[in-house]
Amino acid sequence: MTDPAAFKTLSAHKHGAQLTNCRFDPAGERVYAGGQDFAVVRLDLATGEMTSLVAHDSWPWAYAFSPFEPLLATGGYDGKLVWWPIDESKPVPIRVLEAHDGWIRSIALSPDATRLASVGNDGFARLWSVRDGSLLREWRAHESHVYSVAFHPNGHDLVTGDLKATLRHWEAPTGKLVREIDAAKKLHIYDNSFRADYGGVRDLAFSADGSKLAAAGLVENSNAFAGVNEPGVVVLDWAEPGSSPLLHRANDALKGTAWNVRFHPDGYILALSGGQGGGGVLFWRPGEERPFHTAKLPNSARGMDLHIPSNKIATAHIDSHIRIHEIPAKTA
Amino acid sequence: MRRCDYACGTREHALSRRSFLAGAASAAAAAALPFGGGLSTLAQPAVAADLQSRQRQFLVLWLYGGVSQLETWDPKHGTDTGGPFRSIETSVPGIRISELLPRTAKLMHLMTLVRGVNTGEDDHGRGDVLMQTGRPQMPGVQHPHLGSLMSRFLTAADNPLPGYINVAPYGSGAVNAADAAFLGPKYGSMTLTDGKAPANLDADPGLEPGLDAAREALRKRLNERFARSRRSALTDAYTATYDQARQLMERKEVFDLSKEPARDVERYGSHDLGRHCLMARRLLMSGVTFVKVSHTNYDTHNENFDFHLEQLDEFDRPFAALLEDLHVSGMLEHTTVVVKSEFGRTPNINHLYGRDHWSKAWSIAVAGAGFQKGTVYGATNDRGTEVVDGQVSAADLFHTYLRAAGIDPTDDYSINGRDVQIADPRGKAIEEILA
């Protein structure tokens, strides 16, 4: 069992530009992060070496690794899907697709690693063949920007979330809409003063057994254009999402957005919140609204990933650092 | 008896000879307009010719909150300040603007960008005053808004419509006399809240027309008798307001957007700004001198890029439609267009993916009568952190707007015997962009 209260930062590695999102490779040996200089930054955890992978013409944002071969797909705000061979010392793209009209917000690999789903500002969901990059299927998924996508562990079901915190459940093989889920609507607000929609489903995660779906974003907004809001994670029962969805919130005065959410095999949920004074990683037990622990970060982070086998967390920060943290095992 | 000392042919509020002649030369009686609406009416030669002989008109798109110059007119793609959006080519080779304005980009040949704006005021309220009046906010002193000035100098005396109309998402719907400062409430802005017609344009249905006319005649007779001995600025303001209200009631169709063709509603968009820009077109076609359309909001300290995506998508379509319509109809030959805000936004991207207030190096866009076409004046450095060429102030811009509209900004008002220059004497017009 791990002990989030013993959360500790192991190292910090500086890039030359502010960072956005990040992801561990399957082995947990490297972290890939998006830079505002348009580079995909690869950090080798053993050596600390950082390599910039350059192919995007805007901010890289989304990542998907194949568990079966050394392949990384990145999606960027340039609408491009780029496929990288990550076992090379200086990877050069093996494929670049003009995948979306506008930002790609999220990508997800099917559990069998044969299909890649991408979603973005054009409102479309697209399924691509991992083998040859061909477009398998596309459909208009939402009327507003699509922020997130996730495959159910069964590989058959797909869920997308948009700016208005509408979740839609699709049959991945056909693109057929199974149901629309409104249980995460707390994550959206229309700000009447500024006349703009705000919030949305910033990240989606299924529990390992597929019984729960977590949607991350923000709640309790009082000023959209100043970012006065709290991070929030809604956890739904996948079989009956309308039955008592639980909103996990932060303690006290933590202001920010929950950018990423993960389920930990030890039974708790964790999410990253940016915010004034650095924000932090929040840990909740199932069924509890407030976190049992908040690990404060020294600088505001905008992206987080969890590598379960090593219990390491990577965060990507506005001060251009990738930070590596650990959730140590409980001591007797 | 206290002498009326503000008008009535007295010296104190008289225009100088030059300004009067400039205004009178461009003024024309407001002709009856085809209130059926739609641009097709302008295709009729007689109508188009009539419009071309008209007074000068002015349109301002006010992007409230401080639109980012980096996400609009002066992108810095590929730099640490540039953000994620790319730049795109426009209809003028070599001029690139943000990819968030694809429709406007196709009309760059009608526009001029002013990229070297340095106004030195990062406060919303004070920035608003500075950009509306061309002068910094000073305690105890108020200067007229641009719209009030235009209303004063350009509106024909017999134009029954208000000279300055503000089409805004919110507001009281009343006349804002404060905009006109010492010019008098007649030149204040009238707000069309949410672009809707002023309230109470319909006569009380219980009032018989004959009775209404008799009542009006009695009111006028009594007012005239009162005014013979006790006329003042206040009674004149009341009378003018009452008369204008009556004239508006007689012309209520001017404000009826339902008369616009469905294809134009679709072209402009059914969202708020789409409707408001279509209303602006209607008002300009009807002969309103100065129309300001306000779009909220651009004060994006948080998630600047997401919000500019949303807001500029709302802006690009109706603005491009309106500019194109003014051009195609020939109205752009006598209508000056300005797109502006209180200030711009910081090149630095903060921890909330936001940009903060920034008045040191930002941009505005202009088009239409009095301006060169398809050009850029001024430049910032490669990161947008300072102006490196063609720096202009708010006062300079104000001088330029007035000159574009045919008004001499160095002319004087006479206020209680004191000469006050129309525009801040510390500024001067940007000759390079004037036609």
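Select B:Arg219 and B:Glu216: their side chains meet in a salt bridge, with N and O 2.8 Å apart. The term salt bridge stands for a side-chain nitrogen of Lys or Arg within 4 Å of a carboxyl oxygen of Asp or Glu.

Before moving on, know that you are looking at a predicted model, in which local features need pLDDT of at least 70, side-chain atom pairs count only at pLDDT 80 or more, and totals for chains, interfaces and linings use all residues. Residues are numbered from 1 along each chain as its sequence is written, chains are lettered from A in the order in which they are written, and side-chain values use heavy atoms, with hydrogens and water left out.

**Stop 1: a helix in chain B**

Now show helix H6 of chain B, residues 209-230. B:Arg219 and B:Glu216 are three residues apart in this helix, so about one helical turn separates them. Helices (H or I, at least four residues) and strands (E, at least two) are DSSP runs, numbered from the N terminus. Are these two residues buried or exposed? B:Arg219 is buried at 14% relative accessible area, and B:Glu216 is buried at 10%. Here buried means under 20% relative accessible area, exposed means over 50%, and partly exposed lies in between (1.4 Å probe, protein chains only).

**Stop 2: another pair in chain B**

Go to B:Arg426 and B:Asp424, whose side chains form a salt bridge at 2.9 Å, N to O. B:Arg426 is exposed, at 67% relative accessibility, whereas B:Asp424 is buried, at 4%.

Zoom out to the whole of chain B. You can trace 11 helices and 17 strands, and 57% of its 435 residues count as buried.

**Stop 3: where the chains meet**

Colour chains A and B separately. How many residues of chain A are in contact with chain B? There are 36, and they touch 29 residues of chain B, a contact being heavy atoms within 4.5 Å. The two chains bury about 2,600 Å² between them, 52% of it on carbon and sulfur atoms. Buried area is the accessible area (1.4 Å probe) that two parts lose on being put together, summed over both. Select A:Trp103, A:Arg195 and A:Phe225: these supply 28% of the area that chain A buries against chain B, more than any other three residues.

Three salt bridges cross this interface. To see a salt bridge between the chains, pick A:Arg105 and B:Asp306, whose closest N and O atoms are 2.3 Å apart. On the side of chain A that touches chain B, strands S2 (19-24) and S19 (196-199) are the elements that give two or more residues. Strand S19 of chain A gives the most, with three residues.

**Stop 4: across chain A**

Stay with strand S2 of chain A and find A:Arg23. Its side chain meets that of A:Asp305 in a salt bridge (3.9 Å, N to O). This pair links distant parts of the chain: A:Asp305 sits in strand S28 (residues 301-307), 282 residues apart from A:Arg23. A:Asp305 is buried, at 6% relative accessible area, while A:Arg23 is partly exposed, at 24%.

Next, select A:Glu220, A:Glu230, A:Arg249, A:Lys255, A:Glu289 and A:Arg290 together, and you have a network of salt bridges. Over all chains, the structure holds 45 salt bridges.

**Last stop: the cysteines**

Finish with A:Cys22, which is buried at 0% relative accessible area, and B:Cys277, also buried at 0%. How many disulfides are there over all chains? The count is zero, with a disulfide taken as a pair of cysteine sulfur atoms within 2.5 Å.
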